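This report describes a predicted model.

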Amino acid sequence: MTMTTKRSEELFEEAKKYIPGGVNSPVRAFKAVGTVPRFASRGRGNRLTDVDGNEYIDFVSSWGPLIFGHASPNIVNDVEKALKLGTSFGAPTENETVLARMICECVPSVETVRLVNSGTEACMTAIRLARGHTGRDKILKFDGCYHGHADSLLVAAGSGLATFSTPSSKGVPKSLAALTISSPYNDRESLREIFEREGEEIACVIVEPVAGNMGVVLPEPGFLETIRELTSKYGALFVCDEVITGFRLGIGGAQAMFGVTPDLTVLGKVIGGGLPLAAFGGKREIMEELSPLGGVYQAGTLSGNPLAVAAGISAIERLRTEKGAFGRINRVTKDWCAGLERLSKEKGLKTTVNHIGSMSTLFFAEGPVRDFASARKSDTALYAKYFRLMLERGIYLPPSQFEACFTSTGFMLLDGEELIHEVAEEVFDILKNEI
Ligand code: KE4
């Protein structure tokens, strides 16, 4: 059974005439998985339909925002209502305060918060704020973590003991990249050595408290606590990038789940309900360094946009009231991952399944996958084959081994097991003949 992708192919060729690579974000080009990107035409619940009429069960959920699935009625209604009043004012609105208050009520470490348009913008500004607050220039991130495409965050770890990072993108000045130190995720000793050597020069540590951008990698016991201990000891800020995990791993995000209190938190994805909205917030005394109160500048024409804010309020309100939401999406994820682990054993495939809450990744690598170096041992060709086989059978997975699957409330409780029986079993039978 082969799906027709004729219309997607036509649209992809047309798109490439006017948009670099035919896409507005690189991962959408499906380069790592060797098949034509499926042009979306509509979504409903956990179903995504492409322009050729093929329907998929969507494990990407727009890379995380759609915790209630596509076209969630309450979000659509609330955005429609806001739309009729105007799309943007460039003036403060009451709902921005409503959303800000909700975020502060849900994430105790956030005393005040600023709304922006993307996770990149939020992370970039959190870094600038940390530099402005501490008067220091150096920052520290972790190999394999992604915090958007601001220059200071597009760096690759320096080789060996050299802590100077090199740009991971053309166009990033070497002099700027050299101010970013990148250390292995979960490596507390390396972090301690760096702080002993240059802790007084570090403005902040930024971390994905659960990594989603090398595939899902969990923090080992003590890792986040060590970041907190060292940043406090040396006067650096602890910046928690919860763009993925915020309001997905629970109302309080990963910081509540793991019991750490950062100085600044970055949020995105779920808080925009699928519209362009992100935020950064934290201790009042730090946040009040921001213009117009303080000397750290940040601004945005569409910041706090009324449509995106309406979607965000709708999503967070529902998460706060619909108690069973997290339990359902976590249960589907658990069943799905248990099925993948069982199939891997039965078919003799060397895989590692990392999952937490409603985030998961099947690595085609022997475990444990605990950092970027171990994630990169994955057989990406086998992952690409797995992706294509699942796609042909109506399962839309992330088109890269180094991304996370997300479930949404659009999934039914039994989906996890049924999809394993109905689809994954056949795919694993094919894959086992590839090894
Ligand atoms: P955006 O600028 O894409 O809104 O957010 C950047 C960002 C920041 N922090 C974390 C932890 C993130 O995961 C992201 C963006 N995530 C990727 C997928 N892993 C977005 C997908 C894409 O780039 O198209």
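A residue is called buried when its relative accessible area is under 20%. By that criterion Cys145 counts as buried, because its relative accessibility is 6%. Cys405 likewise falls in the buried class, with a relative accessible area of 9%.

**Cysteines**

A disulfide is a covalent bond between the sulfur atoms of two cysteines. The predicted structure holds 0 disulfides. The criterion for such a bond is a pair of cysteine sulfur atoms within 2.5 Å. For Cys145, the closest cysteine sulfur belongs to Cys240 and is 11 Å away, so the pair is too far apart for a bond. For Cys405, the closest cysteine sulfur is that of Cys337, at 7.8 Å, which is also too far for a bond.

**Ligand site**

Which residues are the closest to the ligand? The ligand is surrounded by 16 residues, and the closest are Ser25, Thr120, Asn213, Asp241 and Glu403. By class, this shell consists of 5 nonpolar, 7 polar and 4 charged residues. Both domains take part in the shell: domain 1 (6-71 + 324-432) and domain 2 (73-321) each supply at least three residues.

| Residue | Protein atom | Ligand atom | Distance |
|---|---|---|---|
| Gly119 | polar backbone atom | oxygen | 3.0 Å |
| Tyr146 | backbone N or O atom | nitrogen | 3.4 Å |
| Asp241 | polar side-chain atom | nitrogen | 2.7 Å |

On its own, the ligand has 530 Å² of accessible area, of which the protein covers 84%.

**Domain arrangement**

The chain is divided into domain 1, comprising 6-71 + 324-432, and domain 2, comprising 73-321. Taken over C-alpha atoms, the centres of domain 1 and domain 2 are separated by 26 Å. How many residues does each domain bring to the contact? Domain 1 contributes 31 residues and domain 2 contributes 33 residues.

Terms used: Residues numbered from 1 in each chain as written. Predicted model: local features only at pLDDT ≥ 70, side-chain atom pairs only at ≥ 80, totals over all residues. Heavy atoms only, no water. Near = heavy atom within 4 Å. Polar contact = N/O pair within 3.5 Å; in protein donor to acceptor, adjacent residues only side chain to side chain. Areas by Shrake-Rupley, 256 points an atom, 1.4 Å probe, with all protein chains shown as cover. Nonpolar A, V, L, I, M, F, W, Y, C, P; charged D, E, K, R; others polar. Domains from an automatic or database assignment. Buried < 20%, exposed > 50% of the residue type's maximum accessible area, 1.4 Å probe, protein only. Contact = heavy atoms within 4.5 Å.
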